[in-house]
Amino acid sequence: MADHITIRKAPGTWTVRAGGAVLGESNDALELSEGSYSPVIYFPRNDIAMAFLDSSEKSTHCPHKGDASYFSVVTKSTTLQDAAWSYETPLEDMARIKDHIAFYVGDGITVEQI
């Protein structure tokens, strides 16, 4: 694993909301810390209401995690473009984040420990 990346089980219960709707709640979320960036919570895909997410054409590459696929979050009033991402086939050292989704906080999305 890259020396500047750590993954651990996020303590407690975490929720993600958008447009007034709860998109997911999990006791099995992961916290990924990477260098000086703020930690990111990754939710198990099974704990997310995937009906609110539409696959996007956007993709990016991280030399430490692999290729990320993006999702837009669809709420009653708006679509939040490329607001979530997932590493469908992460690099071997990042295997723990496979089948997990992370969200950009802000612009109508909140991720919080409850």
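Two strands are taken as paired if DSSP finds at least two bridges between them. Strands are DSSP runs of E of at least two residues, numbered from the N terminus. The model is predicted: local features need pLDDT of at least 70, side-chain atom pairs count only at pLDDT 80 or more, and totals for chains, interfaces and linings use all residues. Residues are numbered from 1 along each chain as its sequence is written, and side-chain values use heavy atoms, with hydrogens and water left out.

Strands of a sheet pair through backbone hydrogen bonds, either parallel or antiparallel. In this model, seven strands form an open sheet with antiparallel pairing, in the order 1-4-5-9-8-7-6. Strand 1 (5–9) and strand 6 (53–62) are its edges, and each pairs on one side only. Neighbouring strands of this sheet are turned against each other by 30 degrees on average, direction ignored. Tyr 42 has Ala 102 of strand 9 as its bridge partner.

An open sheet of three strands has the order 3-2-10, again with antiparallel pairing. Its edge strands are strand 3 (21–26) and strand 10 (109–113), each pairing on one side only. The twist averages 15 degrees from one strand to the next. Five bridges pair strand 2 (residues 14–18) with strand 3 in the antiparallel sense. Val 22 in strand 3 stands opposite Arg 17.

Aromatic contacts were examined next. A pair of aromatic rings is described by the distance of the centres and the angle of the planes. Rings of Phe, Tyr and Trp (its six-membered ring) pair if their centres lie within 6.5 Å; planes under 30 degrees apart count as stacked, over 60 as edge-to-face and the rest as tilted. A search of the whole structure finds three aromatic pairs. The ring centres of Tyr 42 and Trp 85 are 6.2 Å apart and the planes stand at 90 degrees, so this pair is edge-to-face. It links distant parts of the chain: Tyr 42 lies in strand 5 and Trp 85 in strand 8 (residues 79–86), 43 residues apart. Both Tyr 42 and Trp 85 are buried (under 20% relative accessible area; exposed is over 50%, partly exposed in between; 1.4 Å probe, protein chains only).

Trp 85 also pairs with Tyr 104. Their ring centres are 4.6 Å apart and their planes at 45 degrees, so the pair is tilted. Tyr 104 lies in the loop between strand 9 and strand 10 and Trp 85 in strand 8, so the pair ties together parts that are 19 residues apart in sequence. The relative accessible area of Trp 85 is 9%, whereas Tyr 104 is partly exposed at 39%.

The charged end of Lys 58 sits over the ring of Tyr 70, 4.6 Å from its centre (the criterion is NZ of Lys or CZ of Arg within 6 Å of the ring centre and within 35 degrees of the ring normal). Lys 65 lies in the loop between strand 6 and strand 7 (66–74). At 6% relative accessibility, Lys 65 is buried. Its side chain makes a polar contact with that of Glu 34 (2.5 Å). A polar contact is a pair of N or O atoms within 3.5 Å; within protein, one must be able to donate a hydrogen and the other to accept it, and residues adjacent in sequence count only if both atoms are side-chain atoms. Beyond its neighbours within four places in sequence, Lys 65 is in contact with residues including Ile 5, Leu 32, Tyr 42, Tyr 87 and Met 94 (heavy atoms within 4.5 Å).

Key:
Helices (H or I, at least four residues) and strands (E, at least two) are DSSP runs, numbered from the N terminus. Axes are lines fitted to C-alpha atoms, for helices over the stretch in contact, and angles run from 0 to 180 degrees between N-to-C directions.
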